[in-house]
Each structure stands twice: as structure tokens, then as C-alpha cells.
Amino acid sequence: MKVLVTGGLGYIGSHTVVELIQKGYEVIIADNLSNSSIEILKKIKQITGFRPLFKLIDFREMDEVKSLFNEYEFENIIHFAALKSVSESVKFPNLYHENNVGSLNNILECIKSNPRKNFNLIFSSSCTVYGQANKLPITEDSPVVKQESPYGETKKKCEEIISEFCKKNTNLNSISLRYFNPIGAHKSALIGELPNGVPQNLVPYITQTAIGIREELTIFGSDYPTKDGTCIRDYIHVIDLAISHIDSLNYLINLNEKNHYSFFNVGTGNGTTVLELVNTFEKVNKIKLNYSFGGRRDGDITEAFADCSKIHNELKWKANLTLEEALESAWKWEKNLNSKD
Ligand code: NAD
Ligand code: UFG
């Protein structure tokens with residue numbers, strides 16, 4: 001079974017590629033390396049024993065996307081390729097729209113022009129589409145709200161485009177996965193998250209502080225209406241997240257239906273405060289972290305954690321790995337990265 005993985009050298013993509021190869025899928029990675037490195041291919045080979053096919057392409061370029069569809073035989077697509085920085089998207093909204101929405105439109109155009117083939121598409125969405133939900137845990141019935149950032153807008157827009165496309169085209173079935181907060185790395189510590197510049201996300205900031213690249217972690221806000229005053233998120237191990245893509249794909253492959261579109265939360269169902277996460281990191285890795293409390297970060301929501309019963313009931317997927325395992329793997333990855341510097 002062949003699978004095209006767009007953005008397959010990125011953080012979540014590379015972990016998914018490893019899981020796909022280990023389950024016997026034939027993978028074609030297509031990436032423009034805008035936020036990843038070709039070195040990841042070697043790491044994938046080191047872990048799995050296989051070097052997947054790789055095509056350097058930019059999904060914004062229709063000619064390149066067309067030649068990819070002509071050159072390779074595939075009907076299954078996992079679409080990770082996108083830009084993902086919320087703050088960068090505020091500075092460059094057009095870039096985010098062109099890259100994230102434009103790339104999806106090019107893929108859909110190629111699907112449309114191959115009507116004799118039936119495609120399955122898994123799309124990387126985000127729990128950002130819910131904003132600050134009124135009811136927790138967040139179910140898929142929670143309304144999708146107007147987005148605060150251009151990045152969030154691209155995710156909302158892409159979901160809408162896919163949903164409409166599936167209604168009109170019988171040769172595409174699709175699932176959007178709304179990720180909560182992916183963290184951690186492969187247990188080999190050969191692949192993991194590679195933040196560009198100063199990390200904006202909590203766990204890479206923690207590991208870079210622990211290793212001495214950053215002086216101190218600032219915990220953004222200590223006066224939120226939560227049990228310890230810090231924000232609550234649902235942190236999911238990237239390996240569990242990777243597996244959710246394969247389960248989603250298998251569901252579509254075995255589906256005897258046309259015009260199918262559905263969307264699922266992918267989280268653990270557990271809400272963890274920033275302070276709890278910091279304490280767990282210190283405990284499992286036997287390390288003291290330098291941190292202090294600062295003001296709230298603009299745009300942060302107080303609390304988000306998933307109700308994952310829909311994906312469990314319909315796709316039989318659930319998270320299996322713990323926060324401890326995720327934070328242990330994140331630290332092992334950071335140490336491995338720095339041992340080579
Ligand atoms: P990442 O930046 O590590 O990976 C994205 C990959 O896509 C990179 O390898 C990049 O080079 C490639 N890419 C980007 N634009 C491209 C283009 N036009 N053509 C070809 N390749 C392109 O990001 P990630 O964390 O692995 O995220 C993967 C997906 O998951 C993204 O769609 C992201 O928006 C979504 N997501 C991520 C998170 C998160 O916290 N990491 C949360 C929710 C959703
Ligand atoms: N945090 C800190 N200090 C830091 C970094 C983060 O205290 O240096 C806190 C944040 O304030 C937040 C929590 O840690 O309370 C998690 O922050 P992240 O930036 O890791 O994650 P977010 O939930 O804010 O954002 C993530 C993705 C976004 C996506 C959003 C959806 O990074 O792309 O989830 O809700 F849009």
C-alpha cells in the first residue's frame with residue numbers, strides 16, 4: 001500500500017513515516033525542506049532499515065504537484081505540509097494563506113483531474129479551531145469559532161474546503177485530525193522536534209533551558225482560573241499522534257462509502273497545567289529546571305483538553321503513552337541533538 005506523506009520530513013510527518021514503514025506501507029515523502037532537513041531521511045533509514053522515496057517539491061507550485069501525481073502511483077495521502085507558527089502568521093498572513101491553503105488547493109485540483117482514481121486524504125488540523133471552548137472536555141460538537149490568527153484561519157479554511165470538495169467529488173474520502181498539543185520524540189532519539197530559532201512551544205523551550213541553551217523558562221501567567229493558576233493543555237505523545245493517522249487511513253481504505261468527510265479530536269483527554277508539566281519533566285528526568293513566572297502571553301486560551309471518545313468509538317484509536325514517557329523522550333532527544341554539536 002503506497003502513501004504520499006507531504007511534509008514527511010517535519011516533526012509529526014517524520015514520526016508518522018517511521019510508523020508507516022514499520023507497518024509495511026510504502027512511503028513517498030514530498031517536502032520543500034522549508035522547515036526540515038534532508039538529514040532526516042537518513043535517520044528514518046537508521047530507525048526502519050528503509051529509505052523512503054523522496055521528492056523535493058513545493059506544494060504551492062502547481063506544475064510540481066502535477067508531476068508528482070503523474071510520476072508516482074498512490075491513492076493515499078497524509079497532508080502535513082504547512083507553516084505552523086502562530087506569531088509568524090500574524091506578520092505574514094498572505095504567506096500563510098498561500099502556503100497552507102494554496103498547497104491544499106493544488107492537491108485537490110490534482111485529485112479532481114484523476115477521476116478514475118479513488119483517493120483517501122488525512123489532513124492535519126488543530127484544536128485551535130475551537131478557540132476557548134465553553135465546555136470542557138472539548139467534543140467535536142464544540143463550535144468552530146472565528147480565528148485569532150491567520151494560522152488558525154488557514155486550518156479552519158482548509159477543513160471547510162475539504163468538506164465541500166468531498167460533497168462534490170466522489171473520488172475523495174477524507175478525515176481531518178484536530179491535534180491537541182503534540183510533544184516528545186521517537187524513543188531512538190534520532191528524530192524529534194526541531195524548532196526554528198527561539199522555541200515558542202513549551203516543551204522545546206523547557207528542554208533547551210534544561211540543556212543550557214536558554215537561561216530560564218518563563219511560565220506565561222500564574223493568575224488563570226485553574227488549580228495552580230497556569231494554563232491547561234492536552235499534551236499528546238507524537239508517536240500516539242502518528243498512529244492516529246495510520247488508523248484514520250485504514251478506516252478510509254476499508255470504507256465502503258463515497259463522499260465521506262469526518263473530523264476527530266486527537267488528544268489524551270487529560271488536562272495538564274504548565275506547572276504540572278514542568279514538575280513532571282523535573283521528576284522523570286531528575287533535573288532541576290530554571291523557571292520563573294511572567295505575565296500572560298497574548299492570545300493564549302486558559303484551558304483546552306479533548307474528549308476523545310469519537311475517535312475511540314469510530315476508529316478504535318486511543319493514546320497509549322504517558323506524559324512521563326513523552327517528557328523523557330523529549331529530553332533524550334535534546335541531549336542527543338546537542339551531543340553532536
Ligand atoms: P513541521 O514544520 O515540523 O513540518 C511541516 C513540514 O512541511 C516541514 O518539513 C516543511 O518543510 C514542509 N512544508 C511546509 N510547507 C511546504 C510546502 N509548501 N511544500 C512542501 N513542503 C512544505 O510541522 P509539524 O509540527 O510536523 O506539523 C505538521 C502539521 O501539523 C502542520 O500542518 C501543522 O500545522 C499541523 N499541526 C501541528 C501542531 C504542532 O503543535 N506541531 C499542532 C496542530 C497542527
Ligand atoms: N508556555 C509558557 N512558556 C513558554 C511557552 C509556552 O508558559 O515559553 C505556556 C503557554 O502559555 C501555554 C502552554 O505553555 O499555556 C502551551 O503553550 P504552547 O505554545 O506549547 O502551545 P499552545 O497550546 O499555545 O499552542 C499550540 C500550537 C499552536 C496551535 C495551538 C492550538 O503550538 O500551533 O496549540 O490551541 F495553534
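Trainee: Which residue has a polar side-chain atom that lies 2.8 Å from an oxygen atom of ligand 2?

Mentor: That residue is R297, and the pair counts as a polar contact because the term covers pairs of N or O atoms within 3.5 Å (within protein, one atom must be able to donate a hydrogen and the other to accept it, and residues adjacent in sequence count only if both atoms are side-chain atoms). Keep in mind that this is a predicted model, in which local features need pLDDT of at least 70 and side-chain atom pairs count only at pLDDT 80 or more, while totals for chains, interfaces and linings use all residues. Residues are numbered from 1 along each chain as its sequence is written, chains are lettered from A and ligands numbered from 1 in the order in which they are written, and side-chain values use heavy atoms, with hydrogens and water left out.

Trainee: Which other residues are in polar contact with an oxygen atom of ligand 2?

Mentor: Among them is D300, whose side chain places a polar atom 2.5 Å from an oxygen atom of ligand 2, and L202 contributes through its backbone, with a polar atom 2.9 Å from a ligand oxygen.

Trainee: How many residues surround ligand 2, and what makes a residue count as near it?

Mentor: A residue is near a molecule or strand if one of its heavy atoms lies within 4 Å of it, and 21 residues surround ligand 2, the closest being N201, T218, R233, R297 and D300. Strand β8 (217–220) and helix α7 (202–211) each supply at least two residues of this shell, and β8 gives the most, with four. By class the shell holds 11 nonpolar, six polar and four charged residues; Ala, Val, Leu, Ile, Met, Phe, Trp, Tyr, Cys and Pro count as nonpolar, Asp, Glu, Lys and Arg as charged, and the others, Gly among them, as polar.

Trainee: Which residues come nearest to ligand 1?

Mentor: Of the 27 residues around ligand 1, the nearest are I12, D31, N35, S36 and Y151. A polar side-chain atom of Y151 lies 2.7 Å from an oxygen atom of ligand 1, a polar backbone atom of I12 is 2.8 Å from a ligand oxygen, and a backbone N or O atom of F59 is 3.0 Å from a nitrogen atom of the ligand. Taken alone, ligand 1 exposes 830 Å², of which the protein buries 96%. The largest share of its shell, three residues, comes from β5.

Trainee: What makes N106 count as buried?

Mentor: Buried means under 20% relative accessible area, exposed over 50% and partly exposed in between (1.4 Å probe, protein chains only), so N106, at 13%, counts as buried. N106 lies in helix α5, and a polar atom of its side chain is 2.8 Å from the backbone oxygen of F59.

Trainee: What span should helix α8 have?

Mentor: The expected span is 1.5 Å times one less than the number of residues, so the 16 residues of α8 (residues 238–253) should span 22 Å, and the 23 Å between its end C-alpha atoms agrees. Helices (H or I, at least four residues) and strands (E, at least two) are DSSP runs, numbered from the N terminus, and the protein chain has 11 helices and 13 strands.

Trainee: What makes the protein chain as compact as a globular protein of that length?

Mentor: The radius of gyration is taken over C-alpha atoms, and the globule rule is 2.2 Å times the number of residues to the power 0.38. The chain's radius of gyration is 19 Å, close to the 20 Å that the rule gives for 341 residues, so the chain is as compact as a globular protein of that length. Of its 341 residues, 54% count as buried.

Notes: Areas by Shrake-Rupley, 256 points an atom, 1.4 Å probe, with all protein chains shown as cover.
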